[in-house]
Amino acid sequence: MATRPRRRTTARGFDRTTYERGVAEFTAELGEERYRSLAGLSEVSGQAAAYGRHADLFAADSIEALRSATDVGGEDAEGNRALLAFASDGYLTRATGGLPDEIATAESRAIIHWRGDEIRYRAARDRISTTGDRGERNGLFDQWLRAVEAINPLRIERLEAMHDAVRDLGYADYVELVRATRGWNPDELAATTRGALNASETGYYAAMRRLLARAGIEGGDGSLADAWFGLRGTGWDAWFEPRRLPRTLEATVGPLGMGIRDLEGVTLDVDPRPNKEPGAFFVALRVPGDLRLVLNPRRGWGDSSAALHATGHLEHYAHVPSGTPLSAGFLGDSSVSEGYALLMEGLLGEPGWLGETLGMGEPAQAAFVDFLALTSLYRLRLLGGQLIYELGLHRGGEHAIHRAVYAGTLGLLTGVGWPEELYLTNLDDSFRAGSSLRATMLAGILDQELERSHPDGWWRDAEAGTLLRDLFSHGSAWNAERVVAHLGYDGLDWRPVLRKIRTQLIGEMSGYGGPNITTRAGTRKI
């Protein structure tokens, strides 16, 4: 499809400082709405109203002024690009009207009726994942898929409205918009990721078959619900008691000199509520100044994984210097904060951390690390498949074909039956799957460098905390490529990630890859 000619307007009259002040006010309002919805404080999403109150931020003239400023280049180019991405995203959201709120409200209110129980839509996955009887598990899963399908017409309407708005902005498709406003190429990332998917294929399939076999499921016969059950790892629950989670987080970041209680402007929400999102999540209203970490543990390793991840985001934004413009402190390349979050989350795969923080013995450590390596591979393959699928979805075509491609792609890469009803449920704006893949490579390089500098466990060392705080202080002014360049690497690379998984996954991936990785600092052993 040809790109439409863009309206050319002058940037005269556009004041970036004033604009960015408005962005900060809007971000705080939107964050409050998101927090109230996910924290179970409101069943009705009010995000559309926030967009309406700040409609001028997403006007076509503002977008064109930011696009012109970005094209000019100079030292403010990345800040202008960050604001351009923000404005473009807001324009697309505005174009979808109240559909995002309708979808969020429908998901919040939806109830699955099962065996006399009323199960909330958001709580269904946890119930499915902990149901041991396979027939019951897949039966409940099918009921949940009916609820998913009932909401899909709203998701289709939103997607089509968004695609129309992308063309109105002068881009051929959403892929081109992301490439222009994010500064990274989704097609190139997909090509690079295919190599990692191919390299991890044999080890992943062997490990997944092993996991499903423990539940009496033959290879090739597993459903997504079966995978959820296996990856939920209920056998590890005793090590991850919900009441210990806040202490676990404090014990993790304290030795790094980043204790949560010592951070200013941080709210820790641990209150239970019926419709509170399970696990943990982080919301930034002002960076720094109003950061919220919300915990709702249900029992299991996933609670600690989500909480460590959210804590990584919290620590990053809490260490951005006061007065940093939003374009350099919060907006920009989301892969960076996500990479810091994945670095913290990865501590679950460190035997020393498991022993010291959770009291887990050595035999259990080896088995759990092996299990966690499989979950890492599953996530990598899921994200890779999502990115590849979205490249086609955003370039047009029939929904029936997209459904089939989605189910086929994700089913092939994960090795379980994948329902086509979910083809729009994991569809995040701005190719979030791609940002997460970039973040995974960033986290792998960071972990490798920290391990080399602190071989006895970087999480024990205050000097590692000093390095991290220095990186955190740059906020979002540095993209992922600049962070790894600061560490001496030429670019993002999958090899450190796969090397780490190879050392964790018992027997399945031994022999993967080459012995060296080339960086700007020379050739290093991996």
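Predicted model: local features only at pLDDT ≥ 70, side-chain atom pairs only at ≥ 80, totals over all residues.

Residues are numbered from 1 along each chain as its sequence is written, and side-chain values use heavy atoms, with hydrogens and water left out.

**Exercise 1. Describe how α11 packs with α15.**

Step 1: Find the helices. Helices are DSSP runs of H or I with at least four residues, strands are runs of E with at least two, and both are numbered from the N terminus. Here α11 covers residues 245–253 and α15 covers residues 351–358.

Step 2: Take the geometry. The angle is about 125° and the axes lie 10 Å apart. Axes are lines fitted to C-alpha atoms, for helices over the stretch in contact, and angles run from 0 to 180 degrees between N-to-C directions.

Step 3: Name the arrangement. Angles under 35 degrees are roughly parallel, over 145 roughly antiparallel, 65 to 115 roughly perpendicular, and the rest oblique. With its angle of about 125°, α11 is therefore oblique to α15.

Step 4: List the contact, meaning heavy atoms within 4.5 Å. T248, A251 and T252 of α11 meet W353, T357 and L358 of α15.

Step 5: Look at what α11 buries. L245, T248, L249, E250, T252 and V253 are buried, where buried means under 20% relative accessible area, exposed over 50%, and partly exposed in between (1.4 Å probe, protein chains only). These buried residues pack against β5 (290–296), α12 (301–318), α14 (334–345) and α15.

**Exercise 2. Work out how α18 and α21 are arranged, and which residues meet.**

Step 1: Helix α18 spans residues 432–453 and helix α21 spans residues 495–504. Their angle is about 65°, with axes 7 Å apart.

Step 2: The two helices are therefore roughly perpendicular to each other.

Step 3: On the α18 side are T440, M441, G444, I445, D447, Q448 and E451, which meet P496, V497, R499 and K500 in α21.

**Exercise 3. Which residues touch the most other members of the largest nonpolar core?**

Step 1: Such a core is a set of buried Ala, Val, Leu, Ile, Met, Phe, Trp, Tyr and Cys residues joined through side-chain atoms within 4.5 Å.

Step 2: The largest one has 143 residues, and W144, L348, F368 and W458 touch the most other members. Helix α16 (residues 362–393) gives the largest share, 15 residues.

Step 3: Zoom in on L348. Leaving aside residues up to four places away in sequence, its contacts include F240, W301, L308 and L372.

Step 4: Look apart from this core for another, of 7 residues, among them Y35, L38, F281 and V283.

**Exercise 4. Inspect the loops: is R115 buried or exposed, and what joins V287 and P288?**

Step 1: R115 sits in the loop between β1 (111–114) and β2 (117–120). R115 has a positive phi of about 50° although it is not a glycine, and its 60% relative accessibility makes it exposed.

Step 2: R299, in the loop between β5 and α12, also has a positive phi, about 100°, without being a glycine. At 35% relative accessible area, R299 is partly exposed.

Step 3: V287 and P288 are joined by a cis peptide bond, with omega about -20°. P288 belongs to the loop between β4 (279–286) and β5.
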